[in-house]
Amino acid sequence: MEWFNELKINEILSLFDLIGTFVFAISGALAASTKKLDLFGATFIAFVTALGGGTVRDLLIGSTPVGWMEDITYLTVILIAVGVTFIFYEHIRKLRKTLFLFDTIGIAVFTVLGLQKALLINIDPMIAVMMGMFSAILGGVIRDILINEIPLIFRAEIYALACIAGGALFIVLDNMGVGFEINAIITISIIIAIRILAIKFKIGLPKIIRNE
Amino acid sequence: MEWFNELKINEILSLFDLIGTFVFAISGALAASTKKLDLFGATFIAFVTALGGGTVRDLLIGSTPVGWMEDITYLTVILIAVGVTFIFYEHIRKLRKTLFLFDTIGIAVFTVLGLQKALLINIDPMIAVMMGMFSAILGGVIRDILINEIPLIFRAEIYALACIAGGALFIVLDNMGVGFEINAIITISIIIAIRILAIKFKIGLPKIIRNE
Amino acid sequence: MEWFNELKINEILSLFDLIGTFVFAISGALAASTKKLDLFGATFIAFVTALGGGTVRDLLIGSTPVGWMEDITYLTVILIAVGVTFIFYEHIRKLRKTLFLFDTIGIAVFTVLGLQKALLINIDPMIAVMMGMFSAILGGVIRDILINEIPLIFRAEIYALACIAGGALFIVLDNMGVGFEINAIITISIIIAIRILAIKFKIGLPKIIRNE
């Protein structure tokens, strides 16, 4: 029974990992389209948006070749996402709310999977939480640098902080002996809840310069 | 006879690898000069333009210390290229056509050498082709980010696609049993031909937003 | 006596390594504040400013997990630096001269420590000097890219060159048999002196385009 549940949650996580990859790729392709890039530019930016976070995490922890190089599924999902964006551009743009929801599920799943991978090497839990957050957010950061914008998440929204809070909770529950499957579900739900509530109630972080 | 040919083609590839490095470094130094950077800035950008692609490839496949750190020739060639650009700036600028030709040879050679290096580790051929293309194009991408421009190759020209087409052909011929030396010559010729024809006939890629 | 001195200089170097990290983090937080980033953005940029150089060096030489992941002190120092900048923003801004002094000590110490780490693997001394310089300057380069500016050190000041000169001197003295502790003190002093003199006498590097 135990292994069955674990298998099931791992399969669900893998599925949402791919859905997150798909939605991140669309977000990259959409960002590229606003800058009038061509299909190669859009594909490249879709690619780094979807896989950039995990790539930096893998490089930092010394896990090479990095994850997506060993499983062609990621690349395939990204190419499909770019194709879908190219063909159904007008429809995709109208799906903002759906995309937002899957993007939020994506960062939550990326955080947990990144954290899990980082914990496999012997590092401080605080650094592992950071690796989880990096997995979720750095793709978007690199996307914004490539299209010559200051990364959006440096200016608006509780985004990375939701990942950090979720990651920290995961570590606490893990230390309390909560199994991975239950822990993953709780952590992912909390990250999603924090982000949605932060958006709903327009909760942001303060700036260093306050009177401007 | 066989080893003699192989030696010869490897020597020619090494030579064009260095010529490509030289021309990429000049392109970096020229780009830096348009932004009024000083000699250190120009050298730094020449350096990342010439070696950035191979560096990212080596990091991704886990080959460290990265290639240019083990052979001082690359660094020397780049310093000479910056010196030449500094002293003969006006002459260099007029050599656009020659530079374009060597740049094209450069991306073709970088693609084949990058692909060859990636195939040494056990990865999917599709990912290996990508590593070949990355070797050829990422230096220019990093150059453009450093001088605060959206990477040129995201907007204009068949450039990366020529490398991908050539790399895919290399894999096909390799599987058909074509030896490395012949395969390298064919692949390099095809990449050069695709790029030159694309420029000549102004063939570009479509954009996601079509009516703007 | 010998080991005692070595211990002492290593402790002093570690102290200045942390002071450098602290000052670099403040410089990152201040840069972020000029772009109206929020506290997360400021922390992220403080983090890459302080640790980006060492991170790239460690990735290039293949030393993973990278240094700061194995010692939580660095992250702690950066969080304190951001907190201090947030609370005492107006005071910090007035401390430009003090910050400049510690920044200069920082790049000198980072150069020597980066060089020392690079020499542990079997690479050309010229490349090791480069790794020392990268440790000192790349954090600031990444900071500037993230806030969408062309890196400052590509345009103004003898900065990287001071690190290169100091690093080269270190190698020469090391080959002459000068012990690490004495060598580190001399090298650090020279780097600090070159930078301060260059600022005082407004010595900069020439540009490639001279008549504009």
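1. Superposition here is by least squares on the C-alpha atoms of residues with pLDDT of at least 70 in both copies. Chain B goes onto chain A by a rotation of 120 degrees as well, with 0.0 Å of shift along its axis and an RMSD of 0.0 Å.

2. On provenance: this is a predicted model, in which local features need pLDDT of at least 70, side-chain atom pairs count only at pLDDT 80 or more, and totals for chains, interfaces and linings use all residues. Residues are numbered from 1 along each chain as its sequence is written, while chains are lettered from A and ligands numbered from 1 in the order in which they are written.

3. Next, the contact between chains B and A. Chain B supplies 23 residues and chain A supplies 27 residues. Two residues are in contact if their C-beta atoms, placed from the backbone, lie within 7 Å. On the chain B side, the elements giving two or more residues are α2 (39-61), α6 (125-146) and α7 (160-175). Elements are DSSP runs numbered from the N terminus: helices are H or I with at least four residues, strands are E with at least two. That side of chain B holds 17 nonpolar, three polar and three charged residues. The classes are: Ala, Val, Leu, Ile, Met, Phe, Trp, Tyr, Cys and Pro nonpolar; Asp, Glu, Lys and Arg charged; the others, Gly among them, polar. Only 13% of the interface residues of chain B are also interface residues in chain A, so the copies meet through different surfaces.

4. The contact between chains C and A takes 27 residues from chain C and 23 residues from chain A. On the chain C side, two or more residues come from each of α1 (2-34), α2 (39-61), α3 (73-87) and α6 (125-146). Helix α2(C) gives the most, with six residues. By class, this side of chain C has 18 nonpolar, five polar and four charged residues.

5. Helix α6(A) deserves a look. It has 22 residues (125-146), and at 1.5 Å a residue they should span 32 Å; the end C-alpha atoms are 31 Å apart, which agrees. The expected span is 1.5 Å times one less than the number of residues. There is also a kink of about 45 degrees in α6(A), centred on A:Ile137. The bend at a residue is the angle between axes fitted to the seven residues ending there and the seven starting there. Of the 22 residues of α6(A), 19 are buried, so the helix is largely enclosed by the rest of the structure. Buried means 20 or more other C-beta atoms within 10 Å of the residue's own, exposed means 12 or fewer, and partly exposed lies in between, with C-beta atoms placed from the backbone. After α6(A) comes A:Asn148, with a positive phi near 65 degrees.

6. Which residues touch the most other members of the largest nonpolar core? They are A:Ala25, A:Ala29, B:Ala25, B:Ala29 and C:Ala29, in a core of 214 residues. Such a core is a set of buried Ala, Val, Leu, Ile, Met, Phe, Trp, Tyr and Cys residues joined through C-beta atoms within 7 Å. Neighbours within four places in sequence aside, B:Ala25 contacts B:Ala46, B:Thr49, B:Ala50, B:Val77, B:Ile78, B:Ala81 and B:Val82.

7. The peptide bond from A:Thr64 to A:Pro65 is cis, with omega near -10 degrees. In chain C, C:Pro65 lies in the loop between α2 and α3. A cis peptide bond joins C:Thr64 and C:Pro65, with omega about -10 degrees.

8. A:Lys36 is partly exposed, with 15 C-beta neighbours inside 10 Å. In chain C, C:Lys36 also has phi near 60 degrees.

9. Last, A:Asn10 in helix α1 of chain A. A:Asn10 is partly exposed, with 14 other C-beta atoms within 10 Å. A:Phe180 is 170 residues away along the chain, yet the two C-alpha atoms are separated by 9.5 Å.
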